[in-house]
Amino acid sequence: MPNIPPACLRLFTCMTALLLSACGAPSANVAAPAVAPAAQPSYQALDALGRALFSEKALSASGLMSCATCHDPAHAYGPPNGLSVQYGGKDGQQAGARAVPSLRYLQSNGPFSEHFRDNDGNDSEDAGPTGGFTWDGRADSLRAQAAIPLLAANEMANATKAELVERLAHSASGALFKQVFGQHAFEDSERAFDQLTLALEVFQQNPTEFYPYSSKYDAVLRGQAELSAREQRGLAVFNDENRGNCASCHISQRTEGGAFPAFTDFGHIAVGVPRNHTLPANRNPAYYDLGLCGPARTDHSDRTDWCGLFRTPTLRNVASRQVFFHNGVFHDLRTALEFYASRDTNPKRWYRKNAAGKTVKFDDLPAAYQDNINQEAPFGGLPGGRPTLSQQEIDDLLAFLQTLNDGYHPTSPQ
Ligand code: HEC
Ligand code: HEC
């Protein structure tokens, strides 16, 4: 077993409770049903079923796309390529609107909350909007989230739950599904849909697959490896409030309870990344992806103070990605770091000019919402000034970020 931090074990207990209730385990104060319910599926059975369903292409209208197509196990369950957004739908030609996130290290993320107070004895500090799944936190659980791609016209494109369950029943995974949920599993498509998303949720919490803690940095935390001098300098820049200040959002320390860091606090923040002009959605100049205030999310469209905010992603495995930020505007990690270093000192490099030849800073957020953008370190400085991070510091950060990739073996050269 990998070294599982206590927080995860706690989550496991909760998950098991959820499983039992979701599968209809009779609770103590309910009279026993006349007909005994089918045996509860075991964790192992649900995990194995979820694994099969995660790569089951027959669950898509095109027959060509599974969860694993976009969330590739060989790429830390992130995108397999450098495309800003992936293409899906019935014909496989429909563009997504956002970059595919990695599905690793989400196990300590909770549902979206407007006022998040960390349980660290310092209850007075309100970290603001935090949590939820997807870039805007609109799904409360992995289970709720799974319904989105299964039914989205530009992803797996099932028109209804019944249509999806029909596909499942005729797929190679249909027999396994019946083994787990019984011979009558496909008779009620609402129930079968719930069971399908439950199995996906259980699989997505498989520790070996989704939170292996197998990076060099984890080995260092366990006292089994040491950072090189350059990686050590990178970590110092990362943690230094006056330089990178990265750790203020991308947490690098173990929690008080000893859990290994997720390299995100799951907080929602606006960093003002440039508009990605290659996205089909952005051909319409009036279209803006405003994160928490819409349009994908519809329950907070009146919160103009939340326009432009997106959930802070984990930086674990970030050095194995080929596409960065919610709109996939950058395609290499160095450029992403240079953006942090010179967003404010060299805006001309990052933002387009308008018709009058003037650079429009924060060109992916209407002027009315630009006060929402974060101005703390590493941002800051005036146009023409020195970038807040030197090339040396960026090199060191890059070396450090490599240590967050899973799959480190003490004997392998790094
Ligand atoms: C066409 C590509 C595509 C497919 C297929 C796909 N996803 Fe995703 N996934 C995405 C994108 C893009 C996002 C970000 C969506 C957003 O922010 O609105 C995402 C987000 C997620 C998230 C939220 C991660 C986080 O950081 O909160 C989870 C969980 C997830 N997907 C699971 C799944 C599962 C399970 C399936 C199969 C049922 C699946 N995805 C199929 C592209 C895809
Ligand atoms: C104030 C909080 C905050 C600070 C400080 C911060 N980040 Fe981020 N980071 C975010 C948010 C929020 C996003 C996603 C923004 C978006 O996509 O619009 C992000 C995204 C990223 C990404 C893209 C990851 C991906 O999967 O697409 C990288 C790389 C990154 N940050 C590295 C850093 C580094 C290195 C530092 C320090 C130099 C840093 N961040 C400082 C909040 C922060």
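These exercises cover the disulfide, the iron site and some salt bridges of a predicted model.

The model is predicted, with local features needing pLDDT of at least 70, side-chain atom pairs counting only at pLDDT 80 or more, and totals for chains, interfaces and linings using all residues. Residues are numbered from 1 along each chain as its sequence is written, chains are lettered from A and ligands numbered from 1 in the order written, and side-chain values use heavy atoms, without hydrogens and water.

**Exercise 1. Find the disulfide and place its two cysteines.**

Step 1. Apply the cut-off: a disulfide is a pair of cysteine sulfur atoms within 2.5 Å.

Step 2. Name the pair. Cys293 is joined to Cys307, at 2.1 Å from S to S.

Step 3. Read the torsion. The angle about the S-S bond is 110°, and the link of Cys293 and Cys307 is right-handed.

Step 4. Helices (H or I, at least four residues) and strands (E, at least two) are DSSP runs, numbered from the N terminus. Cys293 and Cys307 each lie in the loop between β3 (268–269) and β4 (310–311), so the link ties together parts 14 residues apart in sequence.

Step 5. Check burial. Buried means under 20% relative accessible area, exposed over 50%, and partly exposed in between (1.4 Å probe, protein chains only). Cys293 and Cys307 are both buried.

**Exercise 2. Describe the site of the iron atom of ligand 2.**

Step 1. List protein donors. Donors are N, O and S atoms within 2.8 Å of the metal (3.2 Å for Na, K and Ca); water is not among the atoms, so sites may look incomplete. The protein supplies His250 (NE2) and Tyr340 (OH), 1.9 to 2.1 Å from the iron.

Step 2. Assign the geometry. Six donors count as octahedral if opposite donors are over 155 degrees apart and all others between 65 and 115. Here the six donor atoms make angles of 86 to 179°, and the site is octahedral.

Step 3. Locate the residues. His250 sits in the loop between α10 (229–239) and β3, and Tyr340 in helix α11 (residues 333–342), so the pair ties together parts 90 residues apart in sequence. His250 is buried, at 8% relative accessible area.

**Exercise 3. Compare two salt bridges.**

Step 1. Set the cut-off: a side-chain nitrogen of Lys or Arg within 4 Å of a carboxyl oxygen of Asp or Glu. The search finds 21 salt bridges.

Step 2. Take Glu163 and Arg167, at 2.7 Å from N to O. They are four residues apart in helix α5 (residues 161–169), about one helical turn.

Step 3. Take Asp344 and Lys361, whose closest N and O atoms are 2.7 Å apart. Asp344 is buried at 4%, whereas Lys361 is partly exposed at 27%.

Conventions:
Four donors count as tetrahedral if all angles lie between 85 and 135 degrees; four count as square planar and six as octahedral if opposite donors are over 155 degrees apart and all others between 65 and 115; anything else is irregular.
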